[in-house]
Amino acid sequence: MFSQNNQPLPADYELEGYRFERQLSVGGFSIVYLAHDAAGTPVAIKEYMPNAVTLRGEGQVVPVIPSEFQADFNHGLKLFFEEGRALTGLDHPNVVRVLNFFRANETVYLVMRFETGQTLRDHIRGHRGRLAEPFMRKMFTGALDGLGEVHGCGLLHLDIKPANIWLRTDGSPVLLDFGAARYAVDIGPPEPRAMYTPGYAAPEQYHGKFTLGPWTDIYAIGACMYAALAGGAPQAADERMVDDQLLPARQRWGSQYSPRLLATIDECLRMEPTRRPQHARALQASLNSDTDADKPPGSWFSRLGLPGFK
Amino acid sequence: MNYTIAQESRIGGREINQDRVAWLATADAVLMVVADGMGGHLQGEVAAQIAVDTFIERFRSEAKTLLPDPAGFLATTLNLVHQTIVRYATACRIPSHAAPRTTCIACVVQNGQASWAHAGDSRLYLIHGRGPGSGGVVRTRDHSLVQRMVDEGTLSRAAAANHPMRNRVFSCLGGDVAPHIEVSPPVALEDGDLIALCTDGAWSPLGESLVSELRRSPLVASVPKLLDAAENAAGLRADNLSLLVMRWEAPDPDTATRDMQLAVPPERALAPISDEEIDLAVAEIRRRIPFDPNGASS
């Protein structure tokens, strides 16, 4: 298999009425571009291009797929279709919107709405963590609206992390990148392309001793909330299985955030899947179940018009 | 082994999906399971999940790479599922009349033979394809009151389809009554045979079209199409619906050696995706794209 990176499509390349501007990001299995449609509207286009089994050099458009890798290419293609199916079944303001899907250049393309803003990861970096509680609650309530919809369709995201949560300029979140998403009921053969991000992946994504479920994404949401306060990912779950050094949120930020918020984060990050909030709605309820006793110290926290960004 | 599997599970018009579908394969054996957690009981989805998890776990530990005794494996595992659900309910202090329950149909394919066992009204259809037995369909007999009445001759098939009690089963896993577990004798598979496992949410609204459509189209197209049809027929309050179908292909002596040389592990050497299948998948995804009043493209 190949290790060098494939070349992106050249700038100003035109395909199916879209003009490609530049590469936004590159992963092991795809390249995401910023492009414009015929009306000049910006879109994000994801091109299926598994690095390990395709070759595309400078100036080339159609990749070379050696015959011995055709089976791997096809296997990944089926998973890319799964992502397409997953996303097209979802119609929710907090989930990235698919605009088009087409086949060209011996591969396939997923066209998504592009919105101005930045990722939660960049937002956290810009603030060095320590995001304010009202922002946290409002933003994660919105993200959980989207996640609830995802789970309602029988899907698991399985790669939720700050880099995959887009913040529009109004602060409302959009769940991105369903490249790891799987149907919750789809327990097929061992996944050769199991994708996860250390720090955000739940323990069951490593040890496989417990069925993946909504609780797996809930762990990742908890890790995102933790990261939003800490400025970086919590200790990875595989390390926690050996030697759990993760300082509970309640201990770490006890005086700075409401006990309710901190307790909720700690509940999400429990190692045992059954002891976490079991689904998005439960977590939302936990996040927003304020009593006076739960208010943070000081009087700056005012009641929020929760939930959501619908 | 050469086979194709397509599967889908949908929530229908319900608040949660209590159906569970799973399959798992070694190089020489395939396990397929469908469970329908029962509505009206607490945590039906937990019972269905226990069924699927238990099968997967036992198959992982016992299939090396064949199961020594598929029929024994199926019967033992179904009993184990029942006991596990009962233990779960006891641990959660759920009264037995309200305990989680599930139907279950499980099938093992190995050595060119299919074996299956079930409890309840989730079904298996074995649809003979291109082989000598072409035309025949075998299906499981529902453990339902309505099926019993049809068997006794007190109810017509047509009346059974609309009977108000058609969802009532007399055997299921979990609960305070020991399940009736029915193990079917193994059937030799021929090239092109189809094995379909489904919940009543799928078979009930479809009737005869389930078999005819599966015969007509490639699985990647027929499975979603059938579930669309079932959902449409069942209307707004459609039950959860799940369908898992395997197409069996007899080993081809000319390609066997080449398969062995594939650079991918056997469990990844899935049936290759054809040009036509790629077009079908792309077309299916395009059809699903919701109308977007703000999106200039699409």
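Reader: What is the mean pLDDT of chain B, and what percentage of its residues reach 70 or more?

Author: pLDDT is the predictor's confidence in each residue, from 0 to 100. In this predicted model, local features need pLDDT of at least 70 and side-chain atom pairs count only at 80 or more, while totals for chains, interfaces and linings use all residues. Residues are numbered from 1 along each chain as its sequence is written, with chains lettered from A and ligands numbered from 1 in the order in which they are written. For chain B the mean is 85, and 87% of residues reach 70 or more.

Reader: Over which residues of chain B is the pLDDT below 50?

Author: Where pLDDT is low, the predicted coordinates should not be read in detail. In chain B the value is below 50 over residues 252-270.

Reader: In what order do the strands of the open sheet in chain A run?

Author: Strands are DSSP runs (E, at least two residues) and helices likewise (H or I, at least four), numbered from the N terminus; two strands pair if DSSP finds at least two bridges between them. Here six strands, paired antiparallel, follow the order β1-β2-β3-β4-β6-β5 (chain A). Because β1 (14-15) and β5 (98-104) of chain A each have a single partner strand, one side of each lacks a neighbour in the sheet. Six bridges join β5(A) to strand β6 (residues 107-113) of chain A in the antiparallel sense, and A:Asn100 has A:Val111 in β6(A) as its bridge partner.

How values were computed. Two residues are in contact if their C-beta atoms, placed from the backbone, lie within 7 Å.
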